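Please open the structure in your viewer and keep the selection panel at hand. The tour goes from one selection to the next and says what is found at each stop.

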Protein chains: 4
Amino acid sequence: MNKKALQDRLRRIEGQVRGLQRMIDEDTYCIDVLTQVTSVTAALRAVGMGLLDDHVRHCVKESIEQGNGDEKVEELMAAVARLSGK
Amino acid sequence: MNKKALQDRLRRIEGQVRGLQRMIDEDTYCIDVLTQVTSVTAALRAVGMGLLDDHVRHCVKESIEQGNGDEKVEELMAAVARLSGK
Amino acid sequence: MNKKALQDRLRRIEGQVRGLQRMIDEDTYCIDVLTQVTSVTAALRAVGMGLLDDHVRHCVKESIEQGNGDEKVEELMAAVARLSGK
Amino acid sequence: MNKKALQDRLRRIEGQVRGLQRMIDEDTYCIDVLTQVTSVTAALRAVGMGLLDDHVRHCVKESIEQGNGDEKVEELMAAVARLSGK
């Protein structure tokens, strides 16, 4: 996921969050708002996975190649743990 | 969570998503962007739980009291399943 | 999900956990063990959703019908929050 | 997490799953069973994170050092995505 693709996704997510505000304003039925919340959460998670993927393929890989990957691996695992909700 | 509180939270989330775009623009270190993604996801999840809570306390409760709760319960459980990521 | 179906699922999960121990014993490739961990987690989550569903359809519904559902709803929402990993 | 520690955790998880069967047999209150399901899920997730951590620190690191890490990274990211429930 390049910078342009990431920004496009984030802009779409921003629009979805504004859509949620509109739904609340218009007293949309709870379950429909919830469905939209689930969809925004999934879009954000996809961005997170994209960033993670990119990070491993570049930063972590390069650090290991240069012989000092341990700290990066430590940091990576902490990020994975946070992202997977624990 | 009343309408005003929900809107405040959603506006804050919208700001966080714009913050993410800024972080990408400024080539912020991946792991820091990821930490922010995790924090926005948690904020959205809290909104989802708030909506769910409200829905059960009002819509579902009233439907059951009026003797026609079965459809609402069905719909609720589907929303819980989606929200908890499956 | 009735008692018999629940027990069947739990026995299958118990077998899967023993299978994991065997995989570790036999030095199975990490990623294959992880795939199996993911599958056991999904099976457990399905049991959790089944229990939740049953609980709402009976306990919560009856309490509301008898006019004292508030405590049950409170308790339910706390369980949903725990189950969805927060 | 070494082999011995992993096996200890898995044996404990197996015992917890048998405990769940007992709870169902004894008609334990749904919410208490659910709390136990949540706790077993968390224990399994910890095993998954331990395996993942170990995998990155050894297999993935070594593959990258030997100049052929790309396939391992691909495989890793797929496992992370599955584990984090998507």
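## A stop at the interface

Begin by selecting Lys3(B) together with Asp27(A), whose side chains meet in a salt bridge, with 3.1 Å from N to O. This is a predicted model, and between chain A and chain B the count of salt bridges is four.

Next, select the side of chain A that touches chain B, where the elements giving two or more residues are H1, helix H2 (30-65) and H3 of chain A. Of these, H2(A) gives the most, with 17 residues. Colouring this side by class shows 21 nonpolar, seven polar and 10 charged residues.

Now widen the selection to both partners: the contact takes 38 residues from chain A and 38 residues from chain B. The area buried between the two chains is about 3,500 Å², and carbon and sulfur atoms give 69% of that area. To see where chain A buries its share against chain B, pick out Ile24(A), Leu34(A) and Leu44(A), which supply 16% of it, more than any other three residues. Across the same interface of chain A and chain B, 18 residue pairs are in polar contact, with both residues at pLDDT 80 or more.

Finally, colour chain A by pLDDT, whose mean is 92, with 98% of the residues reaching 70 or more. Among the elements of chain A, helix H1 (residues 3-25) has the highest mean, 97, whereas helix H3 (residues 70-83) has the lowest, 89. For the complex, the predictor gives an ipTM of 0.91 and a pTM of 0.88.

Key:
Residues are numbered from 1 along each chain as its sequence is written. Chains are lettered from A and ligands numbered from 1 in the order in which they are written. Side-chain values use heavy atoms; hydrogens and water are left out. pLDDT is the predictor's confidence in each residue, from 0 to 100. Helices (H or I, at least four residues) and strands (E, at least two) are DSSP runs, numbered from the N terminus. Contact means heavy atoms within 4.5 Å. Buried area is the accessible area (1.4 Å probe) that two parts lose on being put together, summed over both. A polar contact is a pair of N or O atoms within 3.5 Å; within protein, one must be able to donate a hydrogen and the other to accept it, and residues adjacent in sequence count only if both atoms are side-chain atoms. Ala, Val, Leu, Ile, Met, Phe, Trp, Tyr, Cys and Pro count as nonpolar, Asp, Glu, Lys and Arg as charged, and the others, Gly among them, as polar.
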